[in-house]
Amino acid sequence: MVAKASFFSNLPAYARSGQLISWYPEIAPRFLCCPRKMGNGMSLAELLASDRKTIFFDGAMGTRLGELGLEMGGQNNVTNPDAVRDVHRQYAACGIDLLITNTLTMNRVNIESHKIGVDVRDVNLAGARLAREAAREGQYVLGDMSSTGKMLKPYGQLSEEDAYETFREQASLLGEGGVDGLIIETMFDLREAVCAVRAAKEATELPVMASIAFKTAANGGRTIMGNTARDCAEALAGAGAVVVGANCGNVDPLEMAELVSMMREVTSLPIIAQPNAGKGTLVDKRLVFDMSPDHFAGGVEQCVKDGARFVGGCCGTSTAHIKAMVELLTPHPSAQ
Ligand SMILES: [Zn+2]
């Protein structure tokens, strides 16, 4: 049986328990990312300032690891480093610009509350190293960060000070590991995202990007906490993010393009769009994303038309999706 699933259908229970992150392994199998010093000699900051129109991220890590029979998550950086490096290499071969480390939820609060059993320092340094080892000349590595999995007070138990400290620690470790920049993504709570951006900026001198997971593109775009796309773009820019945008969430690529348009109206910063391969369908209690690579690439093309400069894939995307995206959106000299 295949049932239509709302990406956020289970959220209220998790939100009440303060264990929002516990459903990440099923709904956000994108635990990995990307690279730093360019072979062309350009730093990430210089790339940002360049006239490059469209810049490519990689695709999902978690689903790829799942296909290898591994549990998704950053702990693989320590327990199965060869598999993680291989997935990075497969994406690096797709003609992308930025690899994202496999460190999405590898902050101290999440590791300890979920008893993941890895050392926060080891797992983040390994994550940075593996992506760096896979990066090709001209590719950059971004250190990946996301939620602590706990709601901030007064909705949950975590103080903003403790959240800030755990983000500061992870950002510092990723910086030490040699990433070119940081990306804070798959954030459902704008307040937590702003906290993470500020902490990351305090911890390092690296460029910090920030991306929100939206529940819907309707009503001005809404997070589960009720913030609009405009709210998010303005607040993240105000916190010091150099690139803002959207990834994951309960929206398809065309709906994400609508969110990009809304953000474009309120910020001149570069905008990220990393949609899932469609909306998830519940199969055997797991969300499956089955949009074809060509269909996905067409949706990302619309995101670019609507103002996105940084594009990639989130849940359910594979090297086929990323190749299709790069192929469609890379200018071909012969066509000019
Ligand atoms: Zn996702």
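Strands here are DSSP runs of type E with at least two residues, numbered from the N terminus. I note at the outset that this is a predicted model.

**Entry: Pro275**

I looked up Pro275 and placed it in the loop between strand S8 (271-274) and strand S9 (281-283). Is Pro275 buried or exposed? I found 35 C-beta neighbours inside 10 Å. The cut-off for buried is 20 or more, so Pro275 counts as buried.

I then listed its contacts, leaving aside neighbours within four places in sequence. Pro275 touches Val251, Asp252, Pro253, Met256, Gly299, Val300 and Cys314. I also checked Asn250. Pro275 and Asn250 are 25 residues apart in sequence, and their C-alpha atoms are 9.3 Å apart.

**Entry: H12 and H13**

Next I took helix H12 (residues 253-264) and helix H13 (residues 293-305). Their axes come within 8 Å and cross at roughly 10°. Angles under 35 degrees count as roughly parallel, and H12 and H13 are therefore roughly parallel to each other. From H12, the contact uses Pro253, Leu254, Met256, Ala257 and Val260. From H13, Phe296, Gly299, Val300, Gln302 and Cys303 take part. I sorted the residues of this contact by type: eight are nonpolar, two are polar and none is charged.

I traced an open sheet of eight strands, in the order S2-S11-S8-S7-S6-S5-S4-S3, with parallel pairing. Which strands are at the edges? They are strand S2 (55-56) and S3, each pairing on one side only.

I looked inside the sheet at strand S5 (residues 181-187) and strand S6 (residues 208-212). Four bridges join S5 to S6, and the two run parallel. Ile184 stands opposite Ala210 in S6. H9 lies across S4 and S5, and runs at about 160° to S4.

**Entry: H8**

Helix H8 (residues 120-134) has 15 residues. I get 22 Å from its first C-alpha to its last, close to the 21 Å expected. Its buried residues are Val120, Val123, Asn124, Ala126, Gly127, Ala128, Leu130, Ala131, Arg132 and Ala134. What do they pack against? I found helix H5 (76-79), helix H6 (81-92), strand S3 (98-100), helix H7 (108-113), strand S4 (140-145) and helix H9 (160-176).

**Entry: whole chain**

I closed with the totals. The protein has 14 helices and eleven strands. Of its 336 residues, 56% count as buried. Among contacts with a separation of 6 or more, 80% join residues 24 or more positions apart.

Notes: Residues are numbered from 1 along each chain as its sequence is written. This is a predicted model: local features need pLDDT of at least 70, side-chain atom pairs count only at pLDDT 80 or more; totals for chains, interfaces and linings use all residues. Axes are lines fitted to C-alpha atoms, for helices over the stretch in contact, and angles run from 0 to 180 degrees between N-to-C directions. Angles under 35 degrees count as roughly parallel, over 145 as roughly antiparallel, 65 to 115 as roughly perpendicular and the rest as oblique. Two residues are in contact if their C-beta atoms, placed from the backbone, lie within 7 Å. Ala, Val, Leu, Ile, Met, Phe, Trp, Tyr, Cys and Pro count as nonpolar, Asp, Glu, Lys and Arg as charged, and the others, Gly among them, as polar. The expected span of a helix is 1.5 Å times one less than its number of residues. A residue is buried if 20 or more other C-beta atoms lie within 10 Å of its own, exposed if 12 or fewer, and partly exposed in between; C-beta atoms are placed from the backbone. Two strands pair if DSSP finds at least two bridges between them.
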